[in-house]
Amino acid sequence: MSIDRLVLFFDGILVLVSLAFSQLFHPNWLWFTALMGASMIQATFTHFCPIARTLKALGVKPGPAFK
């Protein structure tokens, strides 16, 4: 799998987990979902994605978005 697909997978898992936690434990978990959305918007403009940089350092091959 490329970095692009792993970043999307990881972000999707985090959003779904925070939504589940907001229903099971406390609604404040929705702030985590909002943070993930803000991080994705920020990455669009700055091309800085901590997850992508970490995966690249681990040797995962980049896709077209994260070179």
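I begin with a definition: a residue is called buried under 20% relative accessible area, exposed over 50%, and partly exposed in between, computed with a 1.4 Å probe on protein chains only. The model is a predicted one, in which local features need pLDDT of at least 70, side-chain atom pairs count only at pLDDT 80 or more, and totals for chains, interfaces and linings use all residues. Residues are numbered from 1 along each chain as its sequence is written, and side-chain values use heavy atoms, with hydrogens and water left out.

Helices here are DSSP runs of H or I with at least four residues, strands are E runs of at least two, and both are numbered from the N terminus.

Let me take helix 2 first. It has 17 residues and reaches 24 Å from first to last C-alpha, close to the expected 24 Å; the expected span is 1.5 Å times one less than the number of residues. Which residues of helix 2 are buried? They are Thr33, Met36 and Ala43. Seen down the axis, these residues fall within an arc of 80°, so they line one face of helix 2; the arc is that of the directions from the helix axis to the C-beta atoms. The face turned away from the buried side of helix 2 carries the exposed residues Trp31, Leu35, Ile41 and Phe45. What covers the buried residues includes helix 1, where contact means heavy atoms within 4.5 Å.

I turn to helix 1. With 22 residues, helix 1 reaches 31 Å between its first and last C-alpha, close to the expected 32 Å. Its buried residues are Ile3, Asp4, Val7, Asp11, Val15, Ser18 and Ser22. They cover an arc of only 110° around the axis, which puts them on the same side of helix 1. These buried residues pack against helix 2 and helix 3, while the face turned away from them carries the exposed residues Arg5, Phe9, Leu16, Gln23 and Leu24.

Ser22 in helix 1 has a relative accessible area of 8% and is therefore buried. Leaving aside residues up to four places away in sequence, Ser22 touches Pro27, Trp29 and Leu30.

Next, the loop between helix 2 and helix 3, where His47 is found. His47 has a positive phi of about 60° although it is not a glycine. Is His47 buried or exposed? Its relative accessible area is 66%, so His47 is exposed.

Ile51 is partly exposed because its relative accessible area is 21%. Ile51 and Val7 are 44 residues apart in sequence, yet 6.5 Å apart in space, C-alpha to C-alpha. Again setting aside residues up to four places away in sequence, Ile51 touches Val7, Phe10 and Asp11.

Finally, the second largest pocket. A pocket is an open set of points on a 1 Å grid over the protein atoms alone, with protein on both sides within 12 Å along at least five of seven lines, and lining residues have an atom within 4 Å of a point. The volume of this second largest pocket is about 210 Å³, a volume being the space filled by probe spheres set on the points, with grid points joined across faces, edges and corners. Its lining has 13 residues, of which Val7, Asp11, Met40, Ala43 and Cys49 lie nearest the centre. Helix 1 (3-24), helix 2 (30-46) and helix 3 (50-57) each supply at least two residues of that lining.

Key:
On a 1 Å grid over the protein atoms alone, a cavity is a set of points where a 1.4 Å probe fits but cannot get out, and a pocket is an open set with protein on both sides within 12 Å along at least five of seven lines; lining residues have an atom within 4 Å of a point.
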